[in-house]
Each structure stands twice: as C-alpha cells, then as structure tokens.
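Dear colleague,

Please find the structure below. My notes on it follow.

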Amino acid sequence: MKQASEWLISQNKFHRDARAPGRRAHTVSITGGKGGVGKTSIAIKMARMLSQRDFKVLLIDCDTNLSNTAVKLGLPLNDHFMDLVTARKSFEECLYIDGNFHLLSACNGNLDLFERNLEFDRLLIDVVSAHEREYDFILLDCPAGLSKTSMTLNAYSDQRIIVATPDRASITDSYSLMKILNTKYGVNENHLLVNKVSTLSQYQRMVKTLGETVENFLTARLKVLGFVALERGAVDRFDQELLGGANSALERDFAKVLSRFTEETIGANVSAQGSTRPYMSNKVREQDVQPAIC
Ligand SMILES: Nc1ncnc2c1ncn2[C@@H]1O[C@H](COP(=O)(O)OP(=O)(O)O)[C@@H](O)[C@H]1O
Ligand SMILES: [Mg+2]
C-alpha cells in the first residue's frame with residue numbers, strides 16, 4: 001500500500017499547477033491544533049453565510065465520531081455517516097439540506113464506527129472528490145489535534161483557515177500544526193482567524209507573534225483574515241447568535257472575515273454589509289486592528 005503522503009500527493013490539488021477543468025468547489029479546512037477554539041462554530045457560520053449569499057455549500061463534519069455540527073444546529077443526531085461508510089445509504093440520503101446549505105454530519109460515539117478503525121482521511125477525500133463539481137464551497141470542520149486524518153484533510157484542501165484564540169496554548173498548537181503541514185506536506189500558505197478576542201491589543205499581539213514566528217521559522221505565509229469577538233454572555237448565547245440575527249456582533253465580525261476570504265479566493269466581495277479591505281499580510285499593520293470590538 002502507498003504511504004499516506006505519497007497517496008495524498010497523487011490526489012492532492014495543491015500539487016497540481018492548474019485546477020481541474022470544470023472543477024467548481026473551493027475546499028476549505030476549518031482547522032487549528034487545539035480543541036474548543038471555535039472551529040465548528042466558525043465552520044457553521046461560514047457555511048450558513050455563504051449559502052445565504054447564493055453559494056451552494058457542503059459542510060462536512062470531519063470529527064467522525066464526536067460530531068458537533070448537528071448538535072449546534074439543533075438537529076437530531078443520526079448515524080447517517082455510518083450508513084454512508086457501509087454503503088447502506090447514498091450520499092444524498094445522508095445529507096441534511098436547507099436550501100443551498102448541505103450538511104454531512106458524522107457520528108457520536110458509534111461503536112461500530114469506532115471498532116472498524118477506518119482510514120477516514122481517504123474516505124472523506126473520496127466524498128469530496130466525488131461531489132466537488134456539485135458545490136461552490138466544501139467546508140471541512142476538522143477535529144482538534146495533529147491526527148493523520150486532520151493533517152491529510154488540511155493538506156488536501158485548497159485553503160486552510162486556522163482558528164486560534166489569544167492564549168499561549170492555542171498559539172503554540174496552531175504553530176505546531178502549520179509546522180507539520182509545511183515540513184511534511186509542503187503546505188506554504190494558511191489563513192488565520194482569531195476567535196474569542198477580548199481587546200484589540202490582544203488581537204494585535206497574537207497576529208504579530210504568530211505571523212513573525214511563521215515568517216522566521218517556516219517557508220510559509222500566514223494571511224490574516226481578522227477576528228471574532230468573545231461573547232461574554234450566558235454559555236449558550238454565542239450558539240444562539242451563531243444561528244441568528246443579521247445584526248448580531250458575530251454577524252458583523254464575520255461578514256468582514258468572509259469578505260476578505262472570498263475576495264481573495266473567488267475575487268468577489270460577498271459581504272452584504274460594510275466595506276471590504278485589502279488582503280492583510282502577515283506583518284502587523286494599522287488596519288489589522290481597525291475593526292471595532294463589539
Ligand atoms: N467568539 C466566541 N465567544 C464565546 N463563545 C464562543 C466563541 N466561539 C466559540 N465559542 C464557544 O466555545 C465552545 C467551543 O466552540 P466549538 O466551535 O465547538 O470549538 P471547536 O470546534 O474548536 O472545538 C462552544 O461552547 C462555543 O459556543
Ligand atoms: Mg469542533
């Protein structure tokens with residue numbers, strides 16, 4: 001059997017010079033070494049907002065047996081992913097569909113899935129490549145940690161959004177993730193989204209520290225997308241905002257992030273509100289810290 005990295009390179013789009021003819025979907029990993037930083041929340045918000053802006057979006061929960069996407073969306077849990085893996089159901093039968101928003105959720109403590117010890121990276125990449133012509137964006141909500149599944153999915157994706165929070169552990173874990181992606185898989189570009197930001201100076205320090213470390217020690221670039229403020233209300237307040245109102249602080253923060261990302265990836269400003277600003281480099285500049293914390 002081929003080594004995982006060899007197989008990845010044979011599959012991998014970023015090793016190709018040009019996009020395959022007729023290919024549509026941008027595959028984006030929402031990732032970051034640490035758990036609890038907001039990867040799933042950001043993936044859901046991004047998928048929802050893109051689908052509301054008329055893009056056809058597939059969100060795949062890649063945390064195969066600790067799936068959180070359905071929970072956060074208030075949907076009933078199911079084992080459709082297991083049915084897909086065992087070919088008992090078709091891909092379409094396993095989806096939750098709400099207009100342009102399609103979700104392939106995964107399992108929660110499914111014993112059968114656990115005992116099968118499957119190669120989830122191959123399996124998920126097979127799903128992506130089978131359906132990438134049907135979507136504008138395929139978002140991968142990646143599990144925490146430096147598992148082979150996570151690294152392979154990250155490396156396979158066209159873009160990676162590293163979600164990190166302004167604490168030392170998250171900064172260190174994000175750097176570790178980028179280091180392995182860079183040295184083992186040749187990934188030389190990542191986007192950074194800082195979540196749970198309390199103050200502008202905190203955000204500024206974080207961007208500077210991580211940006212300069214990446215620049216000095218890796219042959220990689222870090223493209224800063226901006227931040228999402230820390231919601232200090234009741235525990236489930238953030239989750240309510242995630243699904244709700246067009247005028248929420250989260251919506252405003254995220255509209256800016258999304259504009260930057262889509263301007264760069266598809267050359268279009270998809271934000272319905274606010275102006276977009278040019279792409280920010282990994283050097284801290286004044287405009288990196290302009291958005292007001294709400
Ligand atoms: N900006 C934020 N402000 C407040 N709470 C947040 C924010 N982002 C995420 N959370 C909360 O943090 C917890 C972890 O988020 P989650 O998206 O599940 O992280 P991950 O997927 O990285 O493990 C959840 O309870 C979520 O509601
Ligand atoms: Mg998660």
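The shell around ligand 1 draws at least two residues from each of α2 (39–52), β7 (189–197) and α11 (237–243); helices (H or I, at least four residues) and strands (E, at least two) are DSSP runs, numbered from the N terminus. The model is predicted: local features need pLDDT of at least 70, side-chain atom pairs count only at pLDDT 80 or more, and totals for chains, interfaces and linings use all residues. Residues are numbered from 1 along each chain as its sequence is written, while chains are lettered from A and ligands numbered from 1 in the order in which they are written.

α2 gives the largest share of that shell, three residues. Gly38, Lys39, Thr40, Ser41 and Glu231 come nearest of the 16 residues around ligand 1 (C-beta atom, placed from the backbone, within 6 Å of it). The shell has five nonpolar, seven polar and four charged residues (nonpolar: Ala, Val, Leu, Ile, Met, Phe, Trp, Tyr, Cys and Pro; charged: Asp, Glu, Lys and Arg; polar: the others, Gly among them).

**Helices**

The chain has 12 helices and eight strands. In helix α8 (residues 148–156), eight of the nine residues are buried (20 or more other C-beta atoms within 10 Å of a residue's own, with C-beta atoms placed from the backbone). Among them are Met151, Leu153 and Tyr156. Of the 294 residues in the chain, 43% are buried.

Ile171, Ser174, Tyr175 and Met178 in α9 meet Met206, Thr209, Leu210, Thr213 and Val214 in α10 (C-beta atoms, placed from the backbone, within 7 Å). The residues of this contact are six nonpolar, three polar and no charged.

Regards

Notes: Buried ≥ 20, exposed ≤ 12 C-beta atoms within 10 Å, placed from the backbone. Contact = placed C-beta atoms within 7 Å.
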